[in-house]
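Colleague: I would like to go through this model term by term. Please set each value against its definition.

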Amino acid sequence: MSGIMESIQERDPGEHEFHQAVEEVMDTVKPVLDRNPEYVRAGILQRLTEPDRVITFRVPWIDDEGRVRVNRGFRIQMNNAIGPYKGGLRFHPSVNLSIMKFLAFEQVMKNALTTLHLGGAKGGADFEPKGKSDHEVMRFCQSFMTELFRHIGPDTDVPEGGIGVGAREIGYLFGMYKKLQNEFTGMITGKSLGWGGSLVRTQAPGYGVVYFAVEMLATRNDTLEGKTCLVSGAGNVAQHTAEKIIEMGGKVLTLSDSSGYIYDEEGIDRKKLDFVKHLKNIKRGRIEEYTAAYPQAVYTEADTGLDYNPLWDHWADCAFPCAIQNDIQAKDAYNLINHGTKLVCEGADMASTPEAVAIFRDKKILYAPSKAANAGGVAVSGLEMAQNSMRLSWTAEEIDNRLKPIMKGIHRTCLQAAAEYGEPGNYLAGANIAGFIRVVNAMLDQGVV
Ligand code: NDP
């Protein structure tokens with residue numbers, strides 16, 4: 001096992017996020033390998049950690065001043081043992097190979113947990129949509145697709161949204177694919193409702209996170225009713241996590257963006273959340289503007305010089321990190337616990353560092369890793385693919401009625417796998433083990449390819 005990590009570190013130097021994601025899985029699947037030596041003999045670990053395909057490409061585009069700009073595009077097709085590659089796109093200046101590979105690796109496990117037939121992939125570009133005009137975003141998306149289109153398709157690889165890639169970007173990407181291939185197919189999910197999108201897809205990751213949290217609380221005969229909740233982020237996942245918490249009777253105290261966070265002691269109710277949705281999705285403004293509308297709220301600017309995130313330094317029952325990876329570090333974990341937090345449920349991918357996760361485990365906090373808790377997004381993407389194949393649309397109620405049992409099923413699967421391999425109540429171990437076994441068994445069936 002340690003040999004595998006060393007060899008990955010040697011072959012892929014500097015890919016810290018990828019190493020972190022792989023190491024976390026390796027640590028937890030050891031009992032599975034001990035019980036199934038055939039996995040080791042089949043070189044499963046080496047095969048699982050080497051992407052099927054890494055595609056990087058130049059994305060040239062012209063800004064509104066007529067200057068030529070160049071970004072780097074990525075698509076990591078990690079594993080398609082259980083279905084076509086599936087995973088989001090991220091447009092953010094921090095995007096690099098390591099972040100793409102970590103996200104693609106996580107996606108393989110996450111998609112396996114949904115029980116749908118979806119392989120794992122991730123893509124994106126080091127492009128910053130913030131501050132760009134609609135025309136600039138369109139030209140970028142079109143250029144991005146002029147390369148990506150040859151690698152994707154409804155039975156090959158089906159991207160979806162993610163950080164910096166919302167309904168606007170999906171529309172431009174779909175439009176260019178359709179023009180290049182002369183095909184109207186479900187080659188991307190998160191489409192608008194008028195042309196092949198699925199109801200509830202936008203809400204699904206956030207709603208699913210809260211459904212998962214509700215299941216966790218139920219194991220301790222508890223509910224979300226009356227619980228105070230810290231939520232980070234103010235994008236798609238954060239908005240819909242907050243929406244569902246409010247619907248379930250919880251009180252949301254915080255939201256953030258990369259510039260800072262707001263703390264509203266009175267709670268962010270539906271009306272205030274509608275204000276945030278308009279601010280972020282339509283006006284494309286900053287969360288600081290919340291305090292102009294609701295002056296009782298306190299805004300704190302982000303300070304990258306700190307070794308903790310002050311958003312997590314408040315009294316609250318539950319924490320829902322929904323912004324970015326490694327948002328909760330060791331000091332944040334202690335701050336949360338010292339302020340009475342009993343549940344941490346990740347909306348953002350790999351939202352907590354391994355040190356923070358170890359502290360949650362040690363202090364017996366209910367902790368859900370993103371690959372289990374936020375799988376509702378990709379699950380409804382799978383349902384969007386099914387609707388596209390049938391050329392039918394289900395109602396919101398039908399989809400929500402499928403999402404809820406999927407999240408319940410993932411919760412149950414995590415607990416069962418964890419218990420079977422001697423880690424009762426450890427959702428991280430359970431998620432990794434259950435996802436790993438499903439993918440690995442398919443790989444064994446399909447031979448060395
Ligand atoms: P959005 O782009 O809609 O929102 C991201 C939010 O995180 C924004 O508020 C953004 O602020 C904030 N943010 C970004 N970087 C930082 C930072 N360094 N510090 C603090 N805040 C930051 O993305 P999503 O809501 O879609 O995605 C959030 C997370 O959820 C990601 O980890 C994503 O991979 C994951 N996810 C998303 C799914 C989806 O379907 N959308 C599905 C499953 C997981 P700002 O506006 O300033 O950049």
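Colleague: What makes β8, β9 and β10 an open sheet, and in which order do the strands stand?

Modeller: The order is β8-β9-β10 with antiparallel pairing. Strands here are DSSP runs of E with at least two residues, helices are H or I runs of at least four, and both are numbered from the N terminus. Two strands pair if DSSP finds at least two bridges between them. β8 and β10 (298-301) are the edge strands, each pairing on one side only. From one strand to the next the twist averages 20 degrees, where axes are lines fitted to C-alpha atoms, for helices over the stretch in contact, and angles run from 0 to 180 degrees between N-to-C directions.

Colleague: How do you know that β8 and β9 pair?

Modeller: β8 and β9 (residues 260-263) are joined by 4 bridges in the antiparallel sense, and the definition asks for at least two. T254 has Y263 in β9 as its bridge partner.

Colleague: How reliable is the numbering, and what does the model rest on?

Modeller: This is a predicted model, in which local features need pLDDT of at least 70 and side-chain atom pairs count only at pLDDT 80 or more, while totals for chains, interfaces and linings use all residues. Residues are numbered from 1 along each chain as its sequence is written, and side-chain values use heavy atoms, with hydrogens and water left out.

Colleague: Why are β1 and β5 said to stand at the edges of their sheet?

Modeller: That open sheet has 5 strands in the order β1-β2-β4-β3-β5, with mixed pairing. β1 (53-62) and β5 (157-160) each have a single partner strand, so one side of each is left without a neighbour in the sheet. β1 runs antiparallel to β2 (residues 68-79) over 10 bridges; I55 is bridged to R75 in β2.
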